[in-house]
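Student: Hi! Could you walk me through a structure that is new to me?
Tutor: Gladly. Have a look at it here, and then ask away.

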Amino acid sequence: MSNHSPAAGRSLLYLVVAGAAWGTAGAAASLLFLASDLGPLALSFWRCAGGLAVLLAVLAVRRRPARTARTARPSAASLIATGLMFTLFQAAYFGAVRETGLAVGTVVTLGAGPVLIALGGRYWMGERLGAGGVAAVGGALAGLAVLVLGSGGGEVRPLGVLWALLSAAGYAAMTLRARWLGRRGAGGDPLVTTAWSVAVGAVCLLPLAVVEGLLPHTAEPARVVWLLVYVAVVPTALAYALYFTGAAAVRAATVSVVMLIEPVSAAVIAVAVLGERLTGAVVLGTVLLLAAVGALIAAEARRPAGGVRRVAGGGPEDRPAQEPQSAVM
């Protein structure tokens, strides 16, 4: 009988689907910006508000899942804290893009995120990467840099880099918190967590969106509405529900690298749908990223169920007792 955890496999699938769905948000945003005068902050508000409406509708009609002894309901303060991390991640990223451009803002945010998460997972929760895991993270960061900077580049401005690092810190805190709560059986319902996160995001973004221009002006209202509905449903309500489900069950560093499938998805859509040119940098960066993601998925799938044990120092170590040190990723 296999000792591997089926739940880990499902969680990895959820994360892959979430990352691919996030990657479609950029294409939808590009089409929205072409079809209307909607700004990035207003788009983020409508993304959160629309996602909240979808999630509330789903929660209203679905059956309430049975609570088990290991599942605790998070407090309102805990859910608001997750929502604030979500809002920081989103808002600071747009600040980085505005100050230093899309390429540099993306590569710094998504590049710093896995490093912060790996360090936090190691020193906060005792999750070990090992040499193979470090190599996979390094390969993922190299692939991201080639994919984003090699296909356009951008001007590096210190203020934009600071915004990007702040965004990465928000993303890292959100991921580590989801993993920490999941290990203690206190993650709660992923749909509820997602609803609270986008609700907090909508409240925080509303005044900024009003200043920027809340309502779009367009000659194609049907197209704009359809795109807004898509952004609310797929890369927001669906993707974040899957993300919070997967992040609770998979090592934090693995989550951060798997989610780098987002720029791969975005690059594929840009070439296939938006007609952008397929460059050598896009191909090389995509191959490096997918190789790193595949290596960590394979390592996670090999982990036996219940792989957390206590070590002599008293802290948790995220590997099974029978595995040699060299096999840890």
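This is a predicted model: local features need pLDDT of at least 70, side-chain atom pairs count only at pLDDT 80 or more; totals for chains, interfaces and linings use all residues.

Student: What does Arg 223 form a salt bridge with?
Tutor: With Glu 220, and the closest N and O atoms of that pair are 3.6 Å apart. Glu 220 has 37% relative accessibility, so it counts as partly exposed too.

Student: How many salt bridges does the structure hold?
Tutor: Two. Besides the pair of Glu 220 and Arg 223, Arg 62 forms a salt bridge with Asp 189, where the closest N and O atoms are 1.9 Å apart. This pair links distant parts of the chain, 127 residues apart: Arg 62 sits in the loop between helix H2 and helix H3, and Asp 189 in the loop between H6 and helix H7.

Student: And why does Arg 62 count as partly exposed?
Tutor: Because its relative accessible area is 28%, which falls between the 20% and 50% limits.

Student: Let's zoom out. How many helices and strands does the chain have?
Tutor: There are 11 helices and two strands.

Student: What share of the chain is buried?
Tutor: Of the 329 residues in the chain, 47% are buried. The accessible surface comes to about 15000 Å², and carbon and sulfur atoms account for 69% of that.

Student: Now H7. How far does H7 reach?
Tutor: H7 has 23 residues and spans 31 Å from its first C-alpha to its last, close to the expected 33 Å. There is a kink of about 40 degrees at Leu 206, shortly before Pro 207.

Student: What do the buried residues of H7 pack against?
Tutor: They pack against H2, H3 and helix H8. Among the buried residues of H7 are Thr 193, Ser 197, Gly 201 and Leu 205.

Student: Could you show me a residue of H3, then? What is Thr 82 in contact with?
Tutor: Thr 82 lies in helix H3, and at 6% relative accessibility it counts as buried. Setting aside neighbours within four places in sequence, Thr 82 is in contact with Met 174, Arg 177, Thr 193, Ser 197 and Phe 244.

Student: One last topic: how far apart in sequence are Val 257 and Pro 114?
Tutor: They are 143 residues apart in sequence, yet 6.3 Å apart in space, C-alpha to C-alpha. Val 257 belongs to helix H9 and is buried, because its relative accessible area is 0%. Across the chain, among contacts between residues at least 6 apart in sequence, 88% join residues at least 24 apart.

How values were computed. Residues are numbered from 1 along each chain as its sequence is written. Side-chain values use heavy atoms; hydrogens and water are left out. A salt bridge is a side-chain nitrogen of Lys or Arg within 4 Å of a carboxyl oxygen of Asp or Glu. Helices (H or I, at least four residues) and strands (E, at least two) are DSSP runs, numbered from the N terminus. Buried means under 20% relative accessible area, exposed over 50%, partly exposed in between (1.4 Å probe, protein chains only). The expected span of a helix is 1.5 Å times one less than its number of residues. The bend at a residue is the angle between axes fitted to the seven residues ending there and the seven starting there. Contact means heavy atoms within 4.5 Å. Accessible areas come from the Shrake-Rupley method with a 1.4 Å probe; for residues, only the protein chains shown count as cover.
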